Amino acid sequence: MKFATTLLPLAVISTAFVIPDEELTNQIVLESKKEPQTLLDRISGNIDSVWSGVEETFKDTVAFSENAIDNAINAASELTEKAKTTFECHTSMMKFDAQAWLDSSLGEVDIFDHPHHKPPHHGPPHHKPPHHRHGHHSPNKTVYELIASSKYTTKLAELINEYPDLVKTLNGTAANYTVFAPTDKAFEKLPKGHKKPSKELIKKVLAYHVSPDFYPAGRILVTHTIPTALGEDALGGNPQRLRVGVDLLHGLSVNFYSRVVAVNIFGTNGVIHGVDSLLLPPPPALKIVELVPGEFSTLELALVKTGLADAIADAPHSGGTLFAPSNWAFKKLGPRINGFLFSKYGEKYLKALLKYHVVANQTLYSDAFYKEKSLVEQEGIPKGYFHVDLPTLLDDKSLSIDVARYGGLISIKINGFSSVAVQDGIAKDGVIHVVSSVLIPPKTPGAAQEAEEDMDVEELKERLMPFVQEL
């Protein structure tokens, strides 16, 4: 049954590849009928109530005692139901919940459209070592000692003990660490009888649960991504990141499938948060695109038809950013433009258009930026406003990116017109941002992009002609 849920979306995509050219337009329209629905479309209330509700859930879960992890996990509620759209491979130890990521969008909140919410222009805050409120005991154990002494993390402790250097790290004071500690019940979710991964692979997974930075619950609530101790070769050696977010049904989660069941268990050298599922590094970006044909089948079809899917997968790169147009984005182009792009004559224009959505060797998350190695390895995105021009595969023609941060809310705008609908799809080799409009090079450099509804086939050809290569 698990294989069925994983392979069915791929089967849907594969059948789309044999449709004759004259029927492509109808197929695209059918795939795009359903308009996108954000999380806000499914709930009542407003953003203020969301954040205040989340903060309330933490008040009764912070615990300190001789067995702080035990007390915190005792207070946690039952495990959540496993997502049905999760890609999970225990051979490569990768996992990604694509539908939960798409559902995480707070697309109706655009900071750029709310000038009274203008954030301050200053750098990221300095996060002090653990501070404990009056009435709580100061911690007297390291994060390793807390894990090793808890009856709820015995399996995690056994794994850590196999790596003396990791024990030394989590006992040390080189940093204030953050550990997302899977409970023993989290290990019970692993399939029975599965071949044990290599020791090297297990160590990488353990590193993916540790951040060398200090992230207590309050900081997590205003954060989208967290760097881990896992250096990822596909990101140029930069830290692979965790995606944190709030689900109104299940509270705070990590990578959308692992629920935080205990928070702010402070040690002398950091903080521990208990999670109810193991955190596995994500698959490559193109695999994520394959997982949700209901959102990306048109993009997947376009990437395969133009040969870019294989070209991107095979080309050496150190990270990257994919601005992925949804099916709805292609539908907004209209049947004439889609019919042209997916025709044999229009294929070279389609390829140029797709290249304009791909940035190689620079990975822009909503709150962090991994530049090319020749520039700067990584930097945080400050609160307030941040601007960067990202060169694309389209003859290095750049996308103009503006990021606005206000508390935990982040908006990303492209070319002054298009907004990112869903942010931070963490991938092995970069990040995916979903765009609800297809990005088209502006008429003049630096000009804002115009609405697709006002464009016809001839204008599209004119915009792309300088970049079209004969196939």
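1. A residue counts as buried when its relative accessible area is under 20%. The model discussed here is predicted. Phe342, with a relative accessible area of 1%, is therefore buried. Phe330 also counts as buried, because its relative accessibility is 1%.

2. Nine aromatic pairs turn up in a search of the whole structure. In one of them, the ring centres of Phe330 and Phe342 are 6.3 Å apart and the planes stand at 65°, so this pair is edge-to-face. The pair links distant parts of the chain: Phe330 belongs to helix H15 (residues 327–332), while Phe342 is in the loop between helix H16 (335–341) and helix H17 (347–355), twelve residues apart.

3. Phe369 and Phe386 make another such pair, with centres 6.3 Å apart and planes at 70°, so the arrangement is edge-to-face. Here Phe369 comes from strand S13 (residues 368–370) and Phe386 from strand S15 (residues 384–391), with 17 residues separating them. Phe369 is buried at 1% relative accessibility, and Phe386 is buried at 11%.

4. The largest nonpolar core has 66 residues, and those that touch the most other members are Trp101, Phe296, Phe323, Leu341 and Ile401. Apart from this core lies another, of 25 residues, including Leu170 and Ile265. Beyond its neighbours within four places in sequence, Phe323 is in contact with residues including His357, Leu390, Ile401, His433 and Leu439. Trp101 and Phe296 are also linked with Phe96 by ring pairs into a cluster.

5. Phe296 is one of the buried residues of helix H13. Eleven of the 14 residues of H13 are buried, so the helix is largely enclosed by the rest of the structure. H13 (residues 293–306) bends by about 30° at Leu299, a residue that is itself buried. Just after the helix, Gly307 has a positive phi of about 80°.

6. Which strands pair with S6? Strand S5 (residues 225–231) runs antiparallel to S6 and is joined to it by four bridges. Strand S7 (residues 251–254) also pairs with S6 in the antiparallel sense, over four bridges. S6 and S7 form a hairpin, with three residues between them. In S6 (residues 239–247), seven of the nine residues are buried, so the strand is largely enclosed by the rest of the structure.

7. Two positions in S6 show the pairing: Arg241 stands opposite Pro227, and Gly245 stands opposite Ser253 in S7. Arg241 also lies over the face of Tyr365, at 5.3 Å from the ring centre. Elsewhere, the charged end of Arg219 sits over the ring of Tyr215, 3.8 Å from its centre.

How values were computed:
Residues numbered from 1 in each chain as written. Predicted model: local features only at pLDDT ≥ 70, side-chain atom pairs only at ≥ 80, totals over all residues. Heavy atoms only, no water. Core = buried A, V, L, I, M, F, W, Y, C linked by side-chain atoms within 4.5 Å. Buried < 20%, exposed > 50% of the residue type's maximum accessible area, 1.4 Å probe, protein only. Contact = heavy atoms within 4.5 Å. Pairing = 2+ DSSP bridges. Bend = angle between axes of the 7 residues up to and from the residue. Phe/Tyr/Trp six-rings, centres within 6.5 Å; stacked < 30°, edge-to-face > 60°. Lys NZ or Arg CZ within 6 Å of the ring centre and 35° of its normal.
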